[in-house]
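The structure is shown first, and the notes follow by topic.

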Amino acid sequence: MVQSVAPKLLSVWNIAMLTVTRTPLRISLFGGGTDYPEYFERAPGAVVGAAIDKYIIIAALDLIGCQDYNYRLSYSRVEHCNNISEIEHPVVREVLKHFDVARRLDMSIISDLPAAGSGLGSSSAFTVGFLRTIYAILNQKPTKIELSKKAIEVEREILRENVGVQDQLHAAFGGINRFDFSGSAIRISPVQMSSAAIQQLNASMVLVHTGIARRATTTVAAQIAVTRARAIDKELSELYRLVEECVSLLEAGTSGWLGQLGEMLSASWRIKRTLSREVSNAVLDDLFEAIIGSGAYGAKLCGAGGGGFFLALIDPDRLPALIERVAPLSVVPIGIDVDGSTLIYRQTR
């Protein structure tokens, strides 16, 4: 079986041997839920959020001819396969099939934060990052919007996942952006913040791990059902309204803006937890109150809900009080990533 790909391997022997990409996770500030086609195909949708300086790293190495397998994949488990169809990781299998990749590969995935069930867009970040890796291997250079749209296609059309379309955009573009959705159109609007405001934001953002992992595509299924039924249109329209308010606040950077942003985060969380019984529970409610009780400006649970990380805004002087209040749960300072998914290393023969 190894010999079956050898002729094709020889034809690309002088192309990249080792390829490494880095793709950021993301925080969604406002508008989450309106980025599902089930909503924005009939009403305008918009989100505002940011890529963060926590990453998924993917390395792909061409195998030489002496291994007794054609594909090795290392993530939370290790796979050794001879055929692409045998690969169990769905994104890796389907992307390799989609691009008809005819080379033997050793692929490794590492992440700064727990990837599964984080609420930080890790699944889409991985899809974007793996696509970026394969494009580099094939000597192709997609634009950021092409990369985003291909990731959306893989997740929604090929894998039939219950996902929205903001996570792929944040991962590909980096920075702080507003994304608007209407029908099949996507508009990208970078948020124009001053350097002083970005420094304030970077100094004030932390993630608080809930200790609960959840599968986003499962958690959001109930929300999609009520979205289709138009049962939560009022709540989604309010989350949509907060997008414009947030962008105006970030770009103005007036005195006290962090406190106002924190209050908006908490308000959006209170709205979001009404969208489905899967979004919150007593443990998460108690943790939210502990975060606020420590002096945070505000907080909201990241992603679809049910677990993962809370995003909190807090004065750096209050951070020790937060860490003590939520112990033994992890508190992780974060900042804004400005690069998006990036090819960071490529070694050729």
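How are H10 and H11 oriented to each other, roughly parallel or roughly antiparallel? The model is a predicted one, and the axes of H10 and H11 make an angle of about 170°. Angles over 145 degrees count as roughly antiparallel, and H10 and H11 are therefore roughly antiparallel to each other.

**Confidence**
- The protein chain has a mean pLDDT of 91, with 93% of its residues at 70 or more.
- Residues 1-14 have pLDDT below 50, and this stretch makes 19 contacts in the model beyond near neighbours in sequence.

**Packing of H10 and H11**
- Helix H10 spans residues 233-252 and helix H11 spans residues 257-272, and their axes lie 11 Å apart.
- On the H10 side, the residues in contact are Glu 235, Glu 238, Leu 239, Leu 242, Glu 245, Cys 246, Leu 249 and Leu 250.
- On the H11 side, they are Trp 257, Gln 260, Leu 261, Met 264, Ser 268 and Ile 271.
- Sorted by class, this contact has nine nonpolar, two polar and three charged residues.

**Salt bridges**
- The model has 18 salt bridges.
- Asp 62 pairs with Arg 103 in a salt bridge, with the closest N and O atoms 2.6 Å apart.
- Asp 62 belongs to strand E2 (residues 45-62) and Arg 103 to the loop between helix H3 (90-98) and strand E5 (105-111), so this pair ties together parts 41 residues apart in sequence.
- Both Asp 62 and Arg 103 are buried.
- A salt bridge also joins Arg 72 and Asp 106, where the closest N and O atoms are 3.3 Å apart.
- Because Arg 72 is in strand E3 (residues 71-74) and Asp 106 in strand E5, the pair ties together parts that are 34 residues apart in sequence.
- Arg 72 counts as partly exposed, at 22% relative accessibility, whereas Asp 106 counts as buried, at 15%.
- Glu 88 and Arg 77 form a salt bridge through their side chains, at 2.7 Å from N to O.
- Glu 88 sits in the loop between strand E4 (78-81) and H3, and Arg 77 in the loop between E3 and E4, the two being eleven residues apart.
- The relative accessibility of Arg 77 is 37%, which makes Arg 77 partly exposed.
- Arg 178, Asp 180, Arg 187 and Glu 244 are connected in a network of salt bridges.

Conventions. Residues numbered from 1 in each chain as written. Predicted model: local features only at pLDDT ≥ 70, side-chain atom pairs only at ≥ 80, totals over all residues. Heavy atoms only, no water. pLDDT = per-residue confidence, 0-100. Contact = heavy atoms within 4.5 Å. Axes fitted to C-alpha atoms, helices over the stretch in contact; angles between N-to-C directions. Helix = DSSP H or I, 4+ residues; strand = E, 2+ residues; numbered from the N terminus. Parallel < 35°, antiparallel > 145°, perpendicular 65-115°, else oblique. Nonpolar A, V, L, I, M, F, W, Y, C, P; charged D, E, K, R; others polar. Salt bridge = Lys/Arg side-chain N within 4 Å of Asp/Glu carboxyl O. Buried < 20%, exposed > 50% of the residue type's maximum accessible area, 1.4 Å probe, protein only.
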